[in-house]
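Please work through the exercises below with the sequence and the model at hand. Each task is followed by a solution in steps.

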Amino acid sequence: SPCLQTAPTSAYSSPARSLGDTGITPLSPSHIVNDADPDVSEQQSFLVVVAIDFGTTSSGYAYSFTKEPECIHVMRRWEGGDPGVSNQKTPTTILLTPERKFHSFGYAARDFYHDLDPNEAKQWLYLEKFKMKLHTTGDLTMDTDLTAANGKKVKALEIFAYALQYFKEQALKELSDQAGSEFENSDVRWVITVPAIWKQPAKQFMRQAAYQAGLASPENSDQLIIALEPEAASIYCRKLRLHQMIELSGKTAVNGYSGRDTVGAGFAQAKEHIRRNRQSRTFLVENVIGEIWSELEEGDKYVVVDSGGGTVDLTVHQIRLPEGHLKELYKATGGPYGSLGVDYEFEKLLCKIFGEDFIEQFKIKRPAAWVDLMIAFESRKRAAAPDRTNPLNITLPFSFIDYYKKFRGHSVEHALRKSNVDFVKWSSQGMLRMSPDAMNALFKPTIDSIIEHLRDLFQKPEVSTVKFLFLVGGFAEAPLLQQAVQAAFGDKCRIIIPQDVGLTILKGAVLFGLDPAVIKVRRSPLTYGVGVLNRYVEGKHPPEKLLVKDGTRWCTDVFDKFISADQSVALGELVKRSYTPAKPSQLVIVINIYSSEHDNVSFITDPGVKKCGTLRLDLTGTSGVAVPARREIQTLMQFGDTEIKATAVDIATSKSVKVGIDFLNY
């Protein structure tokens, strides 16, 4: 029967070799108890919920006073703003002074950086689209670096903390102005959204950055909720009324439009509606379940496709009546197929025309002009549409034209003539003129990846019989993506796009902060277990795992499973185990917790197993207590929002020790 073993110095050596007398044996078989923790329901009272949508390309916040939860206020308009890009959010860009102090964020950062003299600009640190680093870094730690536009390195944690601190200050200022009295941070419950497909370390990283920014603290961790983006979108979509969305499926006419003209006309109508309401930053969420929702019955399934700047996130939810709680049916999937992919294709096109060597140099030598070029591209990118016939013009910054001539000794015009890229021409006004086909080609790889991913998802048995597909996130505004999703899946389910699709997640996150209990069941993204010793069985256990101690033959490094990857976990659910010390005299008990993305793990030395927590229970000084011969040590794991807490309790003395599962520091 299993015994727990001590902390090894490295998670991958054979820990039991150095085993002190800390092994413990189960009292009873491992079991799961679904009694929700009574302490969980104690709610702190906050005056307001503020949600921050920290996006790859753009960010924003929204809030709601707990006294009037049906009103969601989206942040006030920011200074700056781009032609052709109207939204409430601000670009996720940050500028640090040459001394690495925070200078500005968003449009302000971009404009200031732009106006610097090129030689001076090289000293300043400008960062954009840095959120993707958390998704793409395999071995994320508190020390992971980001690279600024000038090539200098900065700590990612610092940048994320600066950005969150900026949002905190902006929001508190706006709340104080509105209330006419000083708003304290302690009055606010914060919600930060992250992609569901992020790995645990990235989610924990976001929480650490928020602590550093002063939104909450480890002692008061409930003040901050990390919400998953597609879940937030899902919560908001449930509140929609028909006039607040556009249906793409050709099956039914909505708002008097037949399916054929829905994409174009429906969106034009919706945009007009949004423009009229643009002045008002307050959205009323009717406290009814929306009309779409009223068509859903117990057990119905729907997919939320959250396509943003960096990632696309697919989640499948099922309705649980009567309260309409959500149950996650299939673990989140997706990948780095956001609208950034389109920018990347544009960059590849520029490399093809002007040479990779030039583009690399230009980015380093004229970083502000490069940013301008990408802004110009962004606004044209938003003008791309399936039925467009006239070309899209992208202004090349003067310094691009100038620097190219210095670099190559011939003109940009010459390069375009010489390159065999037919569908991009030079216009006499100093612009790149792209045919609609050329623009559509830039979207193709990203859209193809999204469609392919959805196809795979629809193959899964849990996902057959899906009633609705909600398309949300900033990239969902792209008519090319809407059309592709419609063409591929319009006959399988009804495709719905909320009108203010870029703000869907933000508003859903506010609703989630007002009522976190709405999400009831999630899928565990990882398998968790503890390192134990089992009695050695000849022929079953590998000989190198044999350890003989006090005449007993043990098999070391056994991974004793707590919960499996993709197992349903109710929020707040406790998983309990009871153990007893192998030696009654033992006074220090060490329990190591491990995780793996795989389901079938036998040993903690298997590939992909990572140590993510240690519980050290010290029972010295309890000798006076009458302890039964078999002392019970209970181990509990509790699954919270993106956090897991583990506890070990000595039943005889009620001595206990707690630890948060940690993916960054081991």
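The exercises go from the whole chain to single elements and one residue.

This is a predicted model, in which local features need pLDDT of at least 70 and side-chain atom pairs count only at pLDDT 80 or more, while totals for chains, interfaces and linings use all residues. Residues are numbered from 1 along each chain as its sequence is written, and side-chain values use heavy atoms, with hydrogens and water left out.

**Exercise 1. The chain as a whole**

Task: State how many helices and strands the protein chain has, and what percentage of its residues count as buried.

Solution. Step 1: Helices (H or I, at least four residues) and strands (E, at least two) are DSSP runs, numbered from the N terminus. The protein chain comes to 16 helices and 35 strands.
Step 1: Buried means under 20% relative accessible area, exposed over 50% and partly exposed in between, with a 1.4 Å probe and protein chains only. Of the 666 residues, 56% count as buried.
Step 2: A contact means heavy atoms within 4.5 Å. Among contacts with a separation of 6 or more, 71% come from residues 24 or more positions apart.

**Exercise 2. Length of a helix**

Step 1: After α4 comes G180, which has a positive phi near 75°.

**Exercise 3. Two helices in contact**

Task: Determine at what angle the axes of helices α11 and α14 cross, and which residues make the contact.

Solution. Step 1: Axes are lines fitted to C-alpha atoms, for helices over the stretch in contact, and angles run from 0 to 180 degrees between N-to-C directions. The axes of α11 (residues 367–381) and α14 (residues 436–459) come within 12 Å and cross at roughly 95°.
Step 2: Helix α11 contributes F377, R380 and K381, and α14 contributes M439, L442 and F443.
Step 3: Ala, Val, Leu, Ile, Met, Phe, Trp, Tyr, Cys and Pro count as nonpolar, Asp, Glu, Lys and Arg as charged, and the others, Gly among them, as polar. By class, the contact has 4 nonpolar, no polar and 2 charged residues.

**Exercise 4. A sheet and its helices**

Task: Give the strand order of the sheet that holds β20, β21 and β22, and name the helix that lies across these strands.

Solution. Step 1: Two strands pair if DSSP finds at least two bridges between them. The open sheet has 3 strands in the order β20-β22-β21, with antiparallel pairing.
Step 1: The edge strands, each pairing on one side only, are β20 (392–395) and β21 (424–427). From one strand to the next the twist averages 30°.
Step 2: Strands β20 and β22 (residues 431–434) are joined by 4 bridges; N393 has R433 of β22 as its bridge partner.
Step 3: Helix α9 (residues 340–354) lies across β20, β21 and β22 and runs at about 110° to β22. Helix α14 also packs on the sheet, touching β20 and β22, and its direction makes about 85° with that of β22.

**Exercise 5. Strand β34 and its partners**

Task: Identify the strands that pair with β34.

Solution. Step 1: Strand β33 (residues 633–639) pairs with β34 in the antiparallel sense over 7 bridges, and M637 stands opposite A646.
Step 1: Strand β35 (residues 655–660) pairs with β34 in the antiparallel sense over 6 bridges; here D650 is the bridge partner of K655.
Step 2: The hairpin of β34 and β35 has 4 residues between the strands, and S654 takes a positive phi near 60°.
Step 3: As for cover, 6 of the 7 residues of β34 (residues 644–650) are buried.

**Exercise 6. The setting of W190**

Task: Is W190 buried or exposed?

Solution. Step 1: W190 belongs to strand β13 (residues 188–194).
Step 1: Its relative accessible area is 0%, so W190 is buried.
Step 2: Leaving out residues up to four places away in sequence, W190 touches several residues, including V50, I52, K168, A171 and L215.
Step 3: V50 is 140 residues from W190 in sequence, but their C-alpha atoms are 5.1 Å apart.
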